[in-house]
Every structure is written in structure tokens, then in C-alpha cells.
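Morning, everyone. Please look at the structure on the screen, and I'll walk you through two parts of the fold.

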Amino acid sequence: MADGRDDRRRVLPMKPARVQAAETPGDGLAAPLVIGAVIVAALYFGREILIPIAIAVLLSFVIGPLVALLRKLRLGRIPSVGVAVLLLLAVVAGLGGLIGMQLADLSTGLPRYQRTIAQKAENLKAGPLGDLAGYLRSINHQIQQAGAPEPKSEGKSEEKPEAKRAAPPAVQNPDKPVLVEMRDREPGPVELAEKLLAPVISPLATLGIVFVVLIFILVQREDLRDRMIRLVGSSDLHRTTVAMDDAARRLSRFFLVQLALNAGFGLVIGVGLWLIGVPNPILWGIFSALMRFVPYIGAFLSALLPLALAAAVDPGWNMVLATAALFVVLEPLVGQFIEPLLYGHSTGLSPFAVLVSALFWTWLWGPVGLLLSTPLTVCLVVLGRHVDKLEFLDVLFGDRPALTPVENFYQRMLADDPDEAQELAEAILAQCSLSSYYDEVALKGLQLAATDARRGVLTESQLDRIRVGIAQLIEDLSDRDDVAPETKPTLAGRLLSGSRDEEVPCEAAPAVPDAPAPDALPEDWRREGAVLCVAGRGPLDEAASMMLAQLLEKHGFGTRVVPFEDVTRSQIGALDAGGARMVCISYLEISGTPAHLRYLVQRLRRRAPDAQVLVGLWPADDAVLTDPDARATLGADHYAVSLREGVEACLEAVRDAPAAARPASPLPGPLPAVPASREPAPAGA
């Protein structure tokens, strides 16, 4: 008994701690919030050091391929890094020199431009704007006169002339003020040098830090990678190493393409402004290339200064209109046509994330943060898609949906929103065939619904809404052919796809060898009811039968969907099975030894003795598919784990129909192999 009391004394104090943890659910959020606040504070107060480091990291992605190329030429690590950094330094110095000369040349013409602007303002004042201003002044004067009180003439005595006396003259100060002139002393050589060098000391110091950090990053690249692996994924070294190397390679390619595209944009802008006659076109070309790193509005903001300069140079308006037309035509052309061809329609960031990141980094780091906002956020999203511990970054900033396509499908059907379900289907069908969409999205979504129905969490009204929504979706997709669209992978897709498996594999339905064309099927297979798509007894099995029937019709088969009520013991006698060549039974869920399925197959064989029987068990991990004894008790001719395999089985039956009849033994043949790439259905489906 003493030992028992000691055990209770050791266990009982644990209970209040568990109760307290359950009563304060907000405690789990305290630590992430504190960590986030510390990170933001460190980014803000350490910006003088972190900005050069961030620039160096981004530059390492840009010149990393050049270093790798030089190393392939057997130049060595240190010499390769030195040559690459010297080339980058030469480019930066050259651009800085060009910008300085252009600014100096622009400053010499400012007085002339000021006179042109003044003359243009006078012309506008003398023209319609002046007339408008005079008209507005006259209206204002009339309003003031209408609101002023009229002078009263009655009841007032006139002021006597003697009252209007001149004020006495002011007393003059006989003492004259002393004029004092203050002059600054001439600055010495040290003060003059400090005054001249002060504006450039800070940029030069930042540039020096950038190149020092860049050299260390390039030289110690593998060591830094190993340390990052230790931080984010030491439990799976192989997967994390491959993912991070792949992410670095993809980021380098992406930033190089983006840099080349923006540089080409600036070059075209510079040449266009030179042809128009705007002064200093090189300066505005460089400025436009840099501003285009700012998302959405950068290119149009870069047009403001050239427009103002064109208005100051040209006495008329032709130069201003030509400059505006150059930007208005070129930016949509690059953004809407050239960029999608190179790396997709976006950088993989949601529009809201781009806006928030621009505001966040601008608040933290000022104008430099605005330029770096999109590249830095792209790096975070790529890390989130390759590293499991950082997946929340992809969820927060990425443009991929927070839910998988299967979950989205089920949620849309559950919310009675078939329009959004169709929109999602159209987006997936732009890359996948119809059978792939049905197999990988719709069927798995129906399996989630069937699992919830079996657990009793779905009401009958919700099930009715799901059935109606599925029927509407199938009808809306009736004009789609079961072929895979021709799509080319973009740079953004290759960049942002991680090492994880894709949720929706985009595959074309493989053709069966020597399969007849849809219009070349035998007549007895093309008439209505040649293939009976029988629904199982589940609440959503009829929806799966409707999908299979639609796919078979696209291959030329004549089909009819048969609900489960028509094949029960009491109703199967009224089933019209004349002319049926194939019976396809669909089950979304089945567990254990399905005696009811075995009896259903027997009833259908008696009703349609000349028809082959296919059992579609869409949950591919069901025990019936892995247990040969359980399959042997069913007595079907074919088995399928996907709608595509069901279509293939029917096409195979057409080809073999003249040569062989249904096997005399009720035992099935070998189960078709399940493709290794197909993921198992959700647990419990």
C-alpha cells in the first residue's frame, strides 16, 4: 500500500499542469509571437548591416553560375570567385560612372529647362486654363458680393469733418541703426574634403560590405549550405541537401532571367527616349531597369521623371505624348506577353503577399527594401516549398491554394458552390486530361465525403447538395474530350515546384494498343445500355458511376447509369439488361469481406449472362485489392482502381470479344498492376 501511495503522489501532481495547459490555449501562440517580434526588431535595428548582407545573398544567386562556369574551366575556387567579383565590380563602377556623368549633364541644363517650363505655364495661363481660372475668380467674386450686407443709409448721422483729423506724425528715432555684416570663415582643406566626401562615404561603405560578404558567401558556399541543412533538416540529409541545391540552382536561373528581362526593358526605354529626343536617355534607361524590380507600379513610376523632363525640354506636347506612349505600350507588352513566356504569369507570390511584402520591407529598410521586397519574398517562398519546417512561408506568401485540389473540391461541394468547383476544374483541366481530373481530384474528393458520411457527420441535406453539385459539374464538363492539353513547363513552374510530389499529376489517358476509334466500335457496343454503370450501395457511388459513364461515352460506348435501388433483390427482376455487353460496378468505399458485393455480382450475372463484369474499387488501398482470397470470392472478370483503368478494360473487352468469351470459371484473373505514382486514397476512405 505504501508503494501505491507513493505512485499516486508521483502521478497526481501531473494533472493540474495538464488542466492548466488546456485552459490557456493562447500560451501556444505566445512563443511564435515573441519570436516574430524579436526577428522584426532585429531586422529594423540591424538594417545597416542586414541590407548589405541581403544584397550580397541576392548577388550570389546572380553570379553563382559564373563562378561555377569558371570552376569547370579548372580556374580554381579562389581565382574563380575573384574574377567573378571583379567583373561585377567593374559593371557596378561603370554604371555608377554613367549615372554620375548623366546627372552632371542634367544639372547644367536645368536653367534652360526652367525657362521652358515658365513659358509653357504662361501659355497655359493665357489659354484655356487662364480663361477657366478667370471664370472661377468671377464666380467667387459674385458669391462674395451676394453674401456681403448692404450699407444702411437711415438712422445714421454723418461723421463731422472735424472728426476726421489727421493722425499725428510718428516720432522718428534720431539714432540710425548700425548695419552688421556676418561672414562665414573660409573652410579649411579638411573641412572641404569632409563636405565633399560625406554624401558618398555611406554608399561606398555599404558597397564595400556587400562585396566582402559576397566573397565569403561564394567561397564558403558549401559550408553555409551544410549549416543551413543542420538548422532546417538534419533528420533527412539526402532529401534536404538535394532540395536546397535544387532551390539555389532554380533561384539563380530565375534571378538571371529577371535581371536580363529588366535590363532589356531599360535598354529599350533608353533607345526609345534617345529617338524621341529626351535628354540623358542612358540615365532614364538605368532608372527604369532598376524600378522594374518594384512590383506592379515600378515601371510606371519610372516614367514620371522622363515625362517631366520631356515637358521641360519641348515647348509643345509632342515629346511628352511620345514618352507616355513608349511606357504605356512597352510595359504591358513585357508584363503580359514576354514574362509569361519566360517564367509564367507571376513570381509564385500571391498579389496580396506582393503588396504586403513591399510595404513591410519598405517600412523596415526604406527605398532599398522596396527594391528587394520581391526577390527576398521569392527566396522565402522557395525555401518554404522545399523545407518542411518553413512550409508556413509558402502558405502565407505563395500563390498556391492553402487547400489541396481534392480538399478544395470537397469544400466547394459541401458549400453548395458548383460554380467555383467548375472554375477549379477548368484550371486543372488546362494541364490535365479529364480522366486524370476525375481520378485524382473528383474521386478522392468523393471519398472524403463518403468517409464523413460513414462517420455520420454529413446530414442528408448536405449529401443531397453534394449529389446535385456533382451531377451539375459532370454535365458542365460533358463537352470536354479526354485528352491531355499540350502545355509547356515555364521557368516559374520549374522554379517553384519543390521536391514534394505534385498534388495533381498531369497525365494523358494512355491509349490501349490497337483500340478502335470511337466511331469504329461495333454496333452492339455503341447502342444505349451496352455498358451498364451500376452504382454501389454507398450514398455517393452513383456519382462515380456517372463519371465512368461519361468517360466511356467519349470513347464511343453506349452507356446507362443504374442506381443501386434497381439492382436490389426486390427490383433486379425489372432491370432491362438486354444487349448489355459489360457491367461496371462502382464502389467508393468497401471494407472487409464484401458479401453484399459478391451477391450483387451473382445477381447481375444471372440477369445479364452474356455480359462481362467489372468491379471498380476506387479506394486503391482497400483490403479486397490486396487479398487474393477476398477477390476470389467476388467472381468478377475485371478489376479497376481508377476510372481510366475501367475505360481501358472496356476497350480491351471490345478487342477480345470476337476471340474469346467470358471465362467459365468465376475466379478472376490477375489484378491489374496499380501504377506506382498513384498516391493512396485518404485513410478510412
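Start with the open sheet: five strands, ordered β2-β1-β3-β4-β5, paired in parallel. Strands pair here if DSSP finds at least two bridges between them. Strands are DSSP runs of E, at least two residues; helices are runs of H or I, at least four; both are numbered from the N terminus. β2 (559-562) and β5 (638-640) are the edges; each has a single partner strand, so one side of each lacks a neighbour in the sheet. On average, neighbouring strands are turned by 20 degrees against each other, direction ignored.

This is a predicted model: local features need pLDDT of at least 70, side-chain atom pairs need 80 or more, and totals for chains, interfaces and linings use all residues. Numbering runs from 1 along each chain as its sequence is written, and side-chain values use heavy atoms, without hydrogens or water.

Now β3 and β4. Residues 582-587 pair with residues 612-617, parallel, over six bridges. Cys-584 has Leu-614 in β4 as its bridge partner.

Which helix lies across β1, β2 and β3? That is α24, residues 541-554, at about 160 degrees to β1 (531-535). Angles run from 0 to 180 degrees between N-to-C directions, with axes fitted to C-alpha atoms, for helices over the stretch in contact. Contact means heavy atoms within 4.5 Å.

Next, a helix pair. The axes of α4 (47-72) and α5 (77-108) come within 9 Å and cross at roughly 130 degrees. Among the residues meeting there are Leu-59 and Ile-63 in α4, and Val-81 and Leu-88 in α5.
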